[in-house]
Amino acid sequence: QMTSAGILLWFRWLVIAGIAVYLVFMGLILSYSYTNVDYSEDVVIVLGAGVTNGKVSKVLQNRLDACTDYYHKNSNIHIVVSGGLTRLKDGTEADAMAKYLVSHGIPENIIITEDKSQSTLENYKFTRQVRESQTIRQYSIVFETIYFHIFPAQKYAAYCGFDYAHAVS
């Protein structure tokens, strides 16, 4: 049987281990949470983040607004809106994202919709397929995401062979 002193010692070590894991995790997030965009990229990929009844979520709106800001600094780009998840009956997340961008002054002819993905990895895989079907092989991308999502988004972009920068919205 454990004594109360033994339980207290075990609890202290558990708390210390929890704090250490938290600090390592936060260090990873912070080390990847800077923007390294130089506004020379060829393609902006906006990763989906929720649409309900045709209205983009606040997180997704922030990404789309950041994309609009990017467009005003480099209008010589294509924008890929990527997302198939939705609660819409008559469209996808990518459709709602494209409509939002057009309503905020982005020309429709530079927006490419990727509407099959159900995850971040699929966002990149299907975006690559869409772009390659247009015979554009080499291009640099910037992706819009939020702080806690940078690490996996970077890893998936690298896995799919993208030359990328990232922006945090």
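**Figure 1. The end of helix α3 and the residue that follows.** Helix α3 is followed by Gly 105, which has a positive phi, near 90 degrees. The model shown here and in the other views is predicted. The helix covers residues 93-103, and its buried residues are Glu 93, Ala 94, Ala 96, Met 97, Ala 98, Tyr 100 and Leu 101. The cover over these buried residues includes the strands β1 (43-47), β2 (51-52), β3 (55-56), β4 (78-82) and β5 (111-114), together with helix α2 (58-73).

**Figure 2. The largest nonpolar core.** This core has 23 residues. Val 44, Val 46, Leu 64, Ile 79, Val 81 and Leu 101 have the most contacts inside it. Two or more residues come from each of β1, α2, β4 and α3. Helix α3 gives the most, with six residues. In soluble globular proteins, nonpolar side chains tend to be buried together.

**Figure 3. Val 46 and its contacts.** Which residues does Val 46 touch, not counting residues up to four places away in sequence? They are Leu 60, Arg 63, Leu 64, Cys 67, Ile 79, Val 80, Val 81, Ser 82 and Met 97.

**Figure 4. Thr 120 in helix α4.** Helix α4 spans residues 120-133, and Thr 120 is part of it. Is Thr 120 buried or exposed? Thr 120 counts as buried because its relative accessibility is 15%, and buried means under 20%. Leaving aside neighbours within four places in sequence, Thr 120 is in contact with Leu 47, His 149, Ala 153 and Tyr 156.

**Figure 5. The salt bridge between Asp 115 and Lys 116.** The count of salt bridges comes to one. Asp 115 and Lys 116 form a salt bridge in which the closest N and O atoms are 3.7 Å apart. Asp 115 has a relative accessibility of 29%, so it counts as partly exposed. Lys 116 has a relative accessible area of 59% and is therefore exposed.

**Figure 6. The whole protein chain, for orientation.** The protein chain has five helices and seven strands, and along the sequence they follow the pattern α-β-β-β-α-β-α-β-α-β-α-β. Of its 169 residues, 40% count as buried. Among contacts between residues at least 6 apart in sequence, 67% join residues at least 24 apart. The chain exposes about 9700 Å², of which carbon and sulfur atoms supply 58%.

Definitions and conventions. Residues numbered from 1 in each chain as written. Predicted model: local features only at pLDDT ≥ 70, side-chain atom pairs only at ≥ 80, totals over all residues. Heavy atoms only, no water. Buried < 20%, exposed > 50% of the residue type's maximum accessible area, 1.4 Å probe, protein only. Helix = DSSP H or I, 4+ residues; strand = E, 2+ residues; numbered from the N terminus. Contact = heavy atoms within 4.5 Å. Salt bridge = Lys/Arg side-chain N within 4 Å of Asp/Glu carboxyl O. Core = buried A, V, L, I, M, F, W, Y, C linked by side-chain atoms within 4.5 Å. Areas by Shrake-Rupley, 256 points an atom, 1.4 Å probe, with all protein chains shown as cover.
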